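The following note sets out some points for a colleague who is meeting this structure for the first time. Please read it alongside the sequence and the model.

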Amino acid sequence: KERELSAFLGRIGIKPDIVVCDSQVVREVTAEVPADISCTTFSILFARQKGDLAAAAEGAAVIEKLQSGDRVLIAEACSHHALQDDIGRVKIPCRLQQYAGGELRIDVVSGRDYPEDLGGYKLVIHCGACMLNRREMLNRIRIAQEAGVPVTNYGVAISALQGVIRRTLEPFPYAWMAYEKKVSS
(Lines give C-alpha, C1' and ligand atoms only; values in the text may rest on other atoms or scores of the structure.)
Protein backbone atom coordinates (compact mmCIF):
# COMPACT_ATOMS: atom_id res chain seq x y z
CA LYS A 1 0.00 0.00 0.00
CA GLU A 2 1.17 3.49 -0.80
CA ARG A 3 1.25 4.56 2.85
CA GLU A 4 3.60 1.66 3.62
CA LEU A 5 5.92 2.19 0.65
CA SER A 6 8.59 4.31 2.30
CA ALA A 7 9.02 1.90 5.21
CA PHE A 8 9.06 -1.06 2.83
CA LEU A 9 11.77 0.48 0.65
CA GLY A 10 13.80 1.14 3.80
CA ARG A 11 13.67 -2.44 5.05
CA ILE A 12 14.05 -4.56 1.88
CA GLY A 13 17.80 -4.03 1.86
CA ILE A 14 18.13 -3.67 -1.91
CA LYS A 15 17.36 -0.86 -4.32
CA PRO A 16 14.67 -1.96 -6.79
CA ASP A 17 15.26 -1.24 -10.47
CA ILE A 18 11.75 0.10 -10.85
CA VAL A 19 8.57 0.71 -8.84
CA VAL A 20 5.28 0.15 -10.65
CA CYS A 21 2.13 1.60 -9.10
CA ASP A 22 -1.53 2.17 -9.83
CA SER A 23 -2.16 5.42 -11.73
CA GLN A 24 -4.57 6.66 -9.09
CA VAL A 25 -1.77 6.93 -6.49
CA VAL A 26 1.02 7.98 -8.84
CA ARG A 27 1.59 11.40 -7.25
CA GLU A 28 1.91 9.92 -3.75
CA VAL A 29 4.15 7.06 -4.89
CA THR A 30 6.50 9.21 -6.95
CA ALA A 31 6.88 11.52 -3.95
CA GLU A 32 7.93 8.55 -1.77
CA VAL A 33 10.22 6.73 -4.20
CA PRO A 34 13.77 8.13 -4.24
CA ALA A 35 14.70 9.90 -7.48
CA ASP A 36 17.39 7.32 -8.29
CA ILE A 37 14.74 4.56 -8.58
CA SER A 38 12.63 4.47 -11.74
CA CYS A 39 8.90 4.72 -11.23
CA THR A 40 5.99 4.18 -13.61
CA THR A 41 2.41 2.88 -13.62
CA PHE A 42 0.66 -0.33 -14.69
CA SER A 43 -1.33 1.64 -17.24
CA ILE A 44 1.82 3.08 -18.82
CA LEU A 45 3.20 -0.44 -19.11
CA PHE A 46 -0.07 -1.44 -20.79
CA ALA A 47 0.26 1.48 -23.21
CA ARG A 48 3.67 0.10 -24.13
CA GLN A 49 2.60 -3.54 -24.35
CA LYS A 50 -0.80 -3.16 -25.99
CA GLY A 51 -0.39 -0.02 -28.05
CA ASP A 52 2.12 2.69 -28.88
CA LEU A 53 3.65 4.41 -25.86
CA ALA A 54 5.21 7.21 -27.91
CA ALA A 55 1.81 7.98 -29.45
CA ALA A 56 0.24 7.91 -25.96
CA ALA A 57 2.89 10.35 -24.73
CA GLU A 58 2.24 12.68 -27.67
CA GLY A 59 -1.48 12.46 -26.96
CA ALA A 60 -0.98 13.36 -23.31
CA ALA A 61 0.91 16.48 -24.39
CA VAL A 62 -2.37 17.75 -25.88
CA ILE A 63 -3.75 18.01 -22.33
CA GLU A 64 -1.52 21.07 -21.92
CA LYS A 65 -3.45 22.78 -24.72
CA LEU A 66 -7.05 21.84 -23.88
CA GLN A 67 -9.42 24.79 -23.67
CA SER A 68 -12.98 25.29 -22.58
CA GLY A 69 -15.34 23.87 -25.19
CA ASP A 70 -12.91 21.26 -26.59
CA ARG A 71 -14.31 17.78 -27.15
CA VAL A 72 -12.61 14.81 -25.50
CA LEU A 73 -13.51 11.15 -25.91
CA ILE A 74 -13.00 8.75 -23.01
CA ALA A 75 -12.90 5.22 -24.44
CA GLU A 76 -13.21 2.10 -22.30
CA ALA A 77 -12.73 -1.33 -23.83
CA CYS A 78 -14.83 -3.13 -21.24
CA SER A 79 -18.47 -2.64 -20.42
CA HIS A 80 -18.28 -2.73 -16.62
CA HIS A 81 -20.85 -1.10 -14.39
CA ALA A 82 -19.54 2.35 -13.54
CA LEU A 83 -18.80 2.95 -9.89
CA GLN A 84 -19.69 6.15 -8.10
CA ASP A 85 -16.10 7.43 -8.39
CA ASP A 86 -15.27 5.70 -11.69
CA ILE A 87 -11.87 6.63 -13.08
CA GLY A 88 -12.99 7.11 -16.69
CA ARG A 89 -16.38 8.66 -16.06
CA VAL A 90 -15.69 10.77 -12.96
CA LYS A 91 -12.05 11.16 -11.92
CA ILE A 92 -10.36 11.82 -15.26
CA PRO A 93 -13.13 14.15 -16.53
CA CYS A 94 -13.00 16.17 -13.27
CA ARG A 95 -9.22 16.50 -13.45
CA LEU A 96 -9.37 17.46 -17.13
CA GLN A 97 -11.96 20.18 -16.45
CA GLN A 98 -9.85 21.59 -13.62
CA TYR A 99 -6.68 21.45 -15.70
CA ALA A 100 -8.31 23.10 -18.73
CA GLY A 101 -9.86 25.75 -16.51
CA GLY A 102 -13.27 25.42 -18.14
CA GLU A 103 -16.00 23.14 -19.36
CA LEU A 104 -14.86 20.48 -21.78
CA ARG A 105 -17.33 18.44 -23.82
CA ILE A 106 -16.53 14.90 -22.71
CA ASP A 107 -18.11 11.83 -24.26
CA VAL A 108 -17.66 8.30 -22.90
CA VAL A 109 -17.92 5.08 -24.91
CA SER A 110 -17.48 1.56 -23.62
CA GLY A 111 -17.08 -1.97 -24.88
CA ARG A 112 -17.12 -2.28 -28.65
CA ASP A 113 -18.73 1.17 -29.09
CA TYR A 114 -15.61 2.86 -30.46
CA PRO A 115 -16.65 5.47 -33.04
CA GLU A 116 -15.35 5.16 -36.59
CA ASP A 117 -15.64 8.95 -36.99
CA LEU A 118 -13.58 10.80 -34.42
CA GLY A 119 -13.79 14.13 -36.23
CA GLY A 120 -14.34 17.00 -33.86
CA TYR A 121 -12.48 15.48 -30.93
CA LYS A 122 -9.36 17.22 -29.65
CA LEU A 123 -8.17 14.10 -27.78
CA VAL A 124 -9.02 10.45 -27.14
CA ILE A 125 -8.15 9.07 -23.71
CA HIS A 126 -8.31 5.28 -23.78
CA CYS A 127 -8.34 2.84 -20.89
CA GLY A 128 -5.42 0.45 -20.41
CA ALA A 129 -7.02 -2.01 -22.86
CA CYS A 130 -6.79 -5.07 -20.64
CA MET A 131 -9.84 -6.46 -22.48
CA LEU A 132 -8.31 -5.88 -25.93
CA ASN A 133 -5.44 -7.58 -27.67
CA ARG A 134 -2.60 -5.55 -29.17
CA ARG A 135 -4.03 -5.69 -32.70
CA GLU A 136 -7.39 -4.30 -31.54
CA MET A 137 -5.74 -1.50 -29.57
CA LEU A 138 -3.44 -0.59 -32.45
CA ASN A 139 -6.52 -0.46 -34.69
CA ARG A 140 -8.19 2.03 -32.35
CA ILE A 141 -5.02 4.14 -32.34
CA ARG A 142 -4.90 3.97 -36.16
CA ILE A 143 -8.52 5.16 -36.44
CA ALA A 144 -7.70 8.15 -34.22
CA GLN A 145 -4.49 8.96 -36.10
CA GLU A 146 -6.25 8.79 -39.47
CA ALA A 147 -8.77 11.30 -38.12
CA GLY A 148 -5.91 13.52 -36.95
CA VAL A 149 -6.89 13.03 -33.30
CA PRO A 150 -4.18 12.35 -30.71
CA VAL A 151 -4.77 9.38 -28.43
CA THR A 152 -3.37 8.60 -25.00
CA ASN A 153 -4.26 6.19 -22.22
CA TYR A 154 -5.50 6.63 -18.67
CA GLY A 155 -2.11 6.21 -17.00
CA VAL A 156 -0.20 8.57 -19.25
CA ALA A 157 -2.98 11.15 -19.00
CA ILE A 158 -3.16 10.88 -15.21
CA SER A 159 0.62 11.27 -14.92
CA ALA A 160 0.38 14.44 -17.03
CA LEU A 161 -2.55 15.77 -14.98
CA GLN A 162 -0.69 15.02 -11.73
CA GLY A 163 2.51 16.74 -12.90
CA VAL A 164 4.64 13.58 -12.70
CA ILE A 165 4.79 12.53 -16.34
CA ARG A 166 8.52 13.11 -16.63
CA ARG A 167 9.11 10.74 -13.74
CA THR A 168 6.79 8.03 -15.03
CA LEU A 169 8.13 8.18 -18.59
CA GLU A 170 11.83 8.28 -17.59
CA PRO A 171 12.13 4.47 -17.96
CA PHE A 172 11.08 4.99 -21.60
CA PRO A 173 13.23 7.85 -22.97
CA TYR A 174 11.71 7.63 -26.47
CA ALA A 175 8.25 8.28 -24.99
CA TRP A 176 9.48 11.19 -22.87
CA MET A 177 11.12 12.73 -25.96
CA ALA A 178 7.85 12.32 -27.92
CA TYR A 179 5.96 14.10 -25.11
CA GLU A 180 8.47 16.95 -24.90
CA LYS A 181 8.52 17.41 -28.67
CA LYS A 182 4.72 17.61 -28.84
CA VAL A 183 4.48 20.03 -25.88
CA SER A 184 7.03 22.30 -27.55
CA SER A 185 5.24 22.34 -30.92
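1. Leaving aside neighbours within four places in sequence, T40 is in contact (heavy atoms within 4.5 Å) with I18, V19, V20, C21, L45, T168, P171 and F172. T40 belongs to strand 2, residues 38–41, and is buried, with a relative accessible area of 0%; buried means under 20% relative accessible area with a 1.4 Å probe, protein chains only.

2. The model is predicted, so local features need pLDDT of at least 70 and side-chain atom pairs count only at pLDDT 80 or more, while totals for chains, interfaces and linings use all residues. Residues are numbered from 1 along each chain as its sequence is written, and side-chain values use heavy atoms, without hydrogens and water.

3. Four strands form an open sheet in the order 4-3-5-6, with parallel pairing; strands are DSSP runs of E, at least two residues, and helices are runs of H or I, at least four, numbered from the N terminus. Strands pair if DSSP finds at least two bridges between them. Strand 4 (105–109) and strand 6 (151–153) are at the edges with a single partner strand each, so one side of each has no neighbour in the sheet.

4. Strand 5 (residues 123–126) pairs with strand 6 in the parallel sense over three bridges. Within these strands, I125 stands opposite T152 of strand 6.

5. Helix 4 (residues 53–61) is mostly covered, with eight of its nine residues buried. Among them are L53, G59 and A61. At the start of helix 4, a side-chain oxygen of D52 comes to within 3.2 Å of the backbone nitrogen of A54.

Methods
Buried < 20%, exposed > 50% of the residue type's maximum accessible area, 1.4 Å probe, protein only. Polar contact = N/O pair within 3.5 Å; in protein donor to acceptor, adjacent residues only side chain to side chain.
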